[in-house]
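The sequence and structure are shown first.

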Amino acid sequence: MNYTRLGRTGLEVSRLCLGCMSYGEPNRGNHAWTLPEQASRPFIRKALDLGINFFDTANVYSDGSSEEIVGRALLDFTRREDVVIATKVHGRMRPGPNGAGLSRKAILAEIDASLERLGTDYVDLYQIHRFDHATPIEETLDALDEVVRSGRARYIGASSMFAWQFAKMLAVQEREGFARFVSMQDYVNLLYREEEREMLPLCASEGIGVIPWSPLARGRLTRDWDAATARAETDAFGKTLYEATAEADKKVVEAVAHVAAERGLPRAQIALAWVLSKSVITAPIVGATKTEHLDDAAGALSIRLDESEIAQLEAPYVPHAVVGFS
């Protein structure tokens with residue numbers, strides 16, 4: 001495993017982050033395709049065996065059960081100081097007022113709830129899952145600053161939003177002396193490259209670590225275009241990400257298959273190697289529900305695509321409408 005610093009911090013993270021949305025009780029929340037606890041634990045153990053020290057979850061994943069499963073597994077399999085645990089806040093956790101969003105009340109309640117589920121006194125990275133249009137930026141950032149200063153989080157990060165929103169938040173943090181975002185978790189893969197226009201250059205300029213979600217486009221880059229999976233059939237959010245550009249996206253998938261065939265490698269390794277080739281990327285967040293998913297991810301670390309291969313992979317891309325911010 002290779003390790004790198006997260007943005008301009010001294011925090012060392014593995015070049016792969018295990019995304020834990022796939023681990024959660026199927027009867028909790030709206031992710032019927034998730035693996036329950038006993039089926040999840042071998043993947044967390046294997047990730048640790050591969051040298052992955054970076055684990056990402058969120059309070060909303062399977063109604064909190066992802067945090068519970070991840071927390072118990074890490075407590076059983078490793079030492080707290082040897083892993084970097086990231087979680088997120090924003091989505092609705094209960095009905096009624098103050099059950100979602102980034103108000104001071106919501107943030108301070110949800111960090112404590114996440115820590116209880118994870119079974120730890122602190123998280124290494126606490127991220128806002130989306131931008132909250134209903135709460136003043138200053139209120140959100142002041143609350144996050146308190147979370148850091150109280151020791152409940154070591155660092156804070158953000159996730160999918162417009163570059164101007166992120167830039168404004170960074171400016172407020174600097175002006176007020178608040179704890180600064182150190183990472184951006186956004187949507188980057190060969191099927192969706194809109195973040196290359198503004199967000200990735202902003203992160204490079206500001207020294208922000210980039211930890212993209214869905215680097216394999218929910219597996220679409222790893223299989224034939226018409227192949228179906230249980231997740232693809234039941235993941236309502238995932239369906240909103242690709243339908244409008246299906247014809248162009250199919251050509252990208254075919255390009256991945258062509259380069260993979262020429263190399264004699266799995267498609268997943270080629271698609272992930274493309275993400276890793278971008279200098280601004282710190283650690284793609286990879287999901288794993290089959291053993292080969294983690295093997296392919298680890299294998300991608302040693303692949304170096306040449307300029308002609310990158311050109312082949314990128315050539316079919318067409319501009320996409322902005323998605324993933326809600």
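1. Where is the place of Thr140? Thr140 sits in helix H4 (residues 137-149); helices are DSSP runs of H or I with at least four residues, strands are runs of E with at least two, and both are numbered from the N terminus.

2. The model is predicted, so local features need pLDDT of at least 70 and side-chain atom pairs count only at pLDDT 80 or more, whereas totals for chains, interfaces and linings use all residues. Residues are numbered from 1 along each chain as its sequence is written, and side-chain values use heavy atoms, leaving out hydrogens and water.

3. Thr140 counts as buried because its relative accessibility is 2%; buried means under 20% relative accessible area (1.4 Å probe, protein chains only). Not counting residues up to four places away in sequence, Thr140 touches Leu102, Ile107, Ile128, Thr135 and Met169, a contact being heavy atoms within 4.5 Å. A polar atom of the Thr140 side chain lies 2.7 Å from the backbone oxygen of Leu102.

4. Thr140 and Met184 are 44 residues apart in sequence, and their C-alpha atoms are 16 Å apart in space.

5. Strand S8 (residues 181-185) is largely enclosed by the rest of the structure, because five of its five residues are buried. Strand S7 (residues 153-159) pairs with S8 in the parallel sense over four bridges; pairing requires that DSSP finds at least two bridges between two strands. Ile156 stands opposite Phe181 in S8.

How values were computed. Buried < 20%, exposed > 50% of the residue type's maximum accessible area, 1.4 Å probe, protein only. Polar contact = N/O pair within 3.5 Å; in protein donor to acceptor, adjacent residues only side chain to side chain.
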